[in-house]
Amino acid sequence: MTSPRIAVTVVSGFLGAGKTTLLNRMVRRAEGSRLAVIVNDFGELNIDAAIVSEVTDAVYSLQNGCICCTVQEDLLAQLTSLAQLQPRLERIVIECSGVSDPQRIVQTLAYPQLRSQMQLDMVITVVDATRHLQLDGEYARLARAQVGAADLLLLNKTDLVDETQLQALRQALGLRTRIHESVQAQLPDALWLDSDLDLEPRALKPLVRVASDDHSEMFSSHLWQGTAPLNVERLRAWLQALPNDVFRVKGLVVLDQGAKAHWLQHVGSRSQFLPAIDEATASGTRLVFIGRRGFDNWQALIDGLEQCQVRP
């Protein structure tokens with residue numbers, strides 16, 4: 001018998017782990033079902049929502065804040081509204097920003113106005129195999145909170161580490177929950193979409209204390225926009241020279257090679273350029289940077305980025 005409640009899947013993970021790649025795969029695999037997606041991005045632009053909207057129209061954006069802190073009330077209002085849609089939704093997927101603790105989202109779903117309408121299916125936390133053990137201090141504690149809230153850990157980018165590194169990561173993650181190892185956020189349907197899968201009832205897990213009640217305070221962000229196309233070789237060199245205090249760069253870039261628009265995803269020493277829809281080209285380049293709290297050398301970075309522009 002089909003449950004009258006809407007299934008909710010929460011996707012979490014630290015900055016750059018591969019959540020948006022996973023979300024795009026999930027949306028494509030669930031094609032034909034009544035699915036809505038809520039995307040939260042930390043920063044002045046919701047880049048992740050823009051990327052996912054190329055796959056589905058049913059995207060709802062919560063931006064410029066942490067979904068479990070400053071925009072939690074917005075999440076509650078959005079979920080309440082989605083519960084009233086007709087025909088009734090079958091599933092909602094919530095992508096947390098990389099600065100969020102998913103357990104607080106789980107607590108929101110337990111509010112009286114939601115629990116009769118929705119059923120938490122599972123929390124999937126994406127773990128970057130190349131960076132998880134490199135995080136330190138409050139950032140490592142936040143990543144552990146994300147891991148601790150998970151029903152399923154998607155250990156991503158396993159092709160970029162050797163077996164010794166993988167074994168160390170497996171030991172660090174422990175055996176408290178299921179772990180699926182993946183490349184490019186590949187996730188078998190049976191692990192999240194199979195309604196016949198025998199899952200134990202989802203219970204609240206204890207919160208892992210992090211340094212700040214508002215996780216957005218642990219990070220700084222900066223927005224840059226430009227109209228001139230960027231030289232791709234100069235841009236790659238600039239990205240490779242970014243300091244370790246910059247966790248993440250993402251957004252839309254217009255490259256000088258045919259003036260084509262691409263979605264840029266950069267984390268660590270790796271950059272990915274994916275073609276964007278043609279209509280996005282007219283908007284020019286829009287990039288969001290996310291760094292450690294207190295990082296204040298944005299102007300020097302921007303000066304270098306502007307040198308990548310190709311002037312007429």
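**Figure 1. Exposed face of helix 7, with T164 and Q171 turned away from the buried side of the helix.** The structure shown is a predicted model. T164 and Q171 are the exposed residues on this face of helix 7, a helix that spans residues 163–173.

**Figure 2. Buried face of helix 7, formed by L166, L169 and L173.** Viewed along the helix axis, these buried residues lie within an arc of 65° and therefore line one face of helix 7. An α-helix has 3.6 residues a turn, so residues three or four places apart point the same way. The packing partners of the buried residues of helix 7 are helix 6 (137–148), strand 6 (152–156) and strand 7 (178–181).

**Figure 3. The two ends of helix 7, with D162 at the start and G174 just after the helix.** At the start, a side-chain oxygen of D162 comes to within 3.2 Å of the backbone nitrogen of T164. T164 also belongs to the exposed residues of the face shown in Figure 1. Just beyond helix 7, the backbone of G174 adopts a positive phi of about 80°.

Figure 4. When residues up to four places away in sequence are left aside, T80 is in contact with Q113 and L114. The C-alpha atoms of T80 and Q117 are 8.7 Å apart in space, while the two residues are 37 residues apart in sequence.

Note on methods. Residues are numbered from 1 along each chain as its sequence is written. This is a predicted model: local features need pLDDT of at least 70, side-chain atom pairs count only at pLDDT 80 or more; totals for chains, interfaces and linings use all residues. Side-chain values use heavy atoms; hydrogens and water are left out. Buried means under 20% relative accessible area, exposed over 50%, partly exposed in between (1.4 Å probe, protein chains only). Helices (H or I, at least four residues) and strands (E, at least two) are DSSP runs, numbered from the N terminus. The arc is that of the directions from the helix axis to the C-beta atoms. Contact means heavy atoms within 4.5 Å. A polar contact is a pair of N or O atoms within 3.5 Å; within protein, one must be able to donate a hydrogen and the other to accept it, and residues adjacent in sequence count only if both atoms are side-chain atoms.
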